[in-house]
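Please look over the structure below before reading on. The report then goes through a loop residue, a cavity, a helix and the ligand.

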Amino acid sequence: MPRILDGNRVRDEIKSELKPRVQALVSTGRPPGLAVVLVGHDPGSEIYVRNKIKACHDLGIFSETITPTDSITTEELLAIVNGLNARPEIDGILVQLPLPRQVDTKRILLAVSPRKDVDGFHPCNVGALVAGLPGPRACTPAGIIELLKRGGIPIAGQRAVVVGRSDIVGKPVSMLLLHEHATVTICHSKTPDLKSVCREADILVAAIGRAAMITGEYIKQGATVIDVGTNRLSDRAEAARIFGNSPEKLESFDKRGSLVVGDVNPVDVLERAGAYTPVPGGVGPLTIAMLMTNTVASAERRAG
Ligand code: NAP
């Protein structure tokens, strides 16, 4: 059986390391502060935001949620972001995506002060990542590096293949792996013969958004497989096929009416990988842990 890279364990480790840093900030002035802007009532976004606020509460980080209606204009949202930029007790600003169609998302993300950009999405911070300068790193990619390092997976000199080139996951994780001295190949929907490229990977990162697309034929025997995907299956027959008719999984499907699966086939990965991240319980828990890390680091920087 391959080794499980346990995201819940690593998240708890990171949170317990953050607690004394938060206490030190409190004792010298004030707790770190995170403002979350949640526009409208997207159910997925509401769950993400609730979990982020809960993590703040657990760590003693001050948090504030601003909930404009989904009819908000770009100008009105810009005014909210500018107000948060000016508030001294706010160290991190997170604008939960996706935003309504009428809002210019790029303008909003550009308006967040780079000093308070705890998502690491601002072009200044993307530039810092590429140049290897200090600054907040995008949360999910930073979490992947933590999982690898704390899981004792060597990165330097390894061949890493990243499937997906999004600004949120694929590009930043590729850059972080490069900084850790992996030899990195980035693949996408136009990559020919994806299977052979993936089979060269010592570390294979799947950030695609396609349920169980990465089957055994894509995985070199013994590779470390990082599954970023979170795809909800609501077709029972598809769930049965992907989970090899696992009675436990089908029971869970019947209870909830759906199942979450990653981008990697959950049965094949057990046969081929040397280590892997399960879905759920792998990469997912790290995203919020790294958001907390970025918020604390921003507060420390701003406190001088
Ligand atoms: P995205 O913006 O939709 O990007 C998907 C990437 O996959 C694109 O670069 C696309 O290529 C590539 N792709 C799509 N189909 C492909 C195919 N058949 N062969 C090869 N490449 C293909 O997605 P994302 O935001 O990076 O997210 C990816 C997945 O990670 C999603 O399931 C998302 O829910 C999940 N996610 C999880 C977390 C977490 O905390 N666990 C955080 C973020 C995202 P092109 O560029 O050519 O279109």
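Helices (H or I, at least four residues) and strands (E, at least two) are DSSP runs, numbered from the N terminus. Leu97 sits in the loop that joins β4 to α4 (105–111). The model is predicted, so local features need pLDDT of at least 70 and side-chain atom pairs count only at pLDDT 80 or more, while totals for chains, interfaces and linings use all residues. Residues are numbered from 1 along each chain as its sequence is written, and side-chain values use heavy atoms, with hydrogens and water left out.

**The loop residue**

Leu97 has a relative accessible area of 26%. Buried means under 20% relative accessible area, exposed over 50%, and partly exposed in between (1.4 Å probe, protein chains only). Leu97 is therefore partly exposed. Not counting residues up to four places away in sequence, Leu97 touches Ser45, Thr105, Leu109 and Phe121; contact means heavy atoms within 4.5 Å. Ala297 is 200 residues from Leu97 along the chain, and their C-alpha atoms are 23 Å apart.

**The cavity**

A cavity is a set of points on a 1 Å grid over the protein atoms alone where a 1.4 Å probe fits but cannot get out, and its lining residues have an atom within 4 Å of a point. Grid points are joined across faces, edges and corners, and a volume is the space filled by probe spheres set on the points. The whole structure has 1 cavity of 30 Å³ or more. The largest cavity holds about 60 Å³ of space. Its lining includes Leu109 and Phe121, two residues that Leu97 touches. Strand β4 (residues 92–95) gives the largest share of this lining, 3 residues.

**Helix α7**

In helix α7 (residues 170–179), the buried residues are Gly170, Pro172, Val173, Ser174, Leu176 and Leu177. Their cover includes helices α5 (123–131) and α6 (139–150), together with strands β5 (159–163), β6 (183–187) and β7 (203–206). Just after α7, His181 has a positive phi of about 75 degrees.

**The ligand**

There are 20 residues around the ligand, and Arg165, Ser166, Ser189, Arg210 and Thr287 come nearest; a residue counts here if one of its heavy atoms lies within 4 Å of the molecule. The table gives polar contacts, which are pairs of N or O atoms within 3.5 Å.

| Residue | Atom of the residue | Ligand atom | Distance |
|---|---|---|---|
| Ser166 | side-chain N or O | oxygen | 2.6 Å |
| Arg210 | polar side-chain atom | nitrogen | 2.8 Å |
| Val228 | backbone N or O | oxygen | 3.4 Å |

Note on methods:
On a 1 Å grid over the protein atoms alone, a cavity is a set of points where a 1.4 Å probe fits but cannot get out, and a pocket is an open set with protein on both sides within 12 Å along at least five of seven lines; lining residues have an atom within 4 Å of a point. A polar contact is a pair of N or O atoms within 3.5 Å; within protein, one must be able to donate a hydrogen and the other to accept it, and residues adjacent in sequence count only if both atoms are side-chain atoms.
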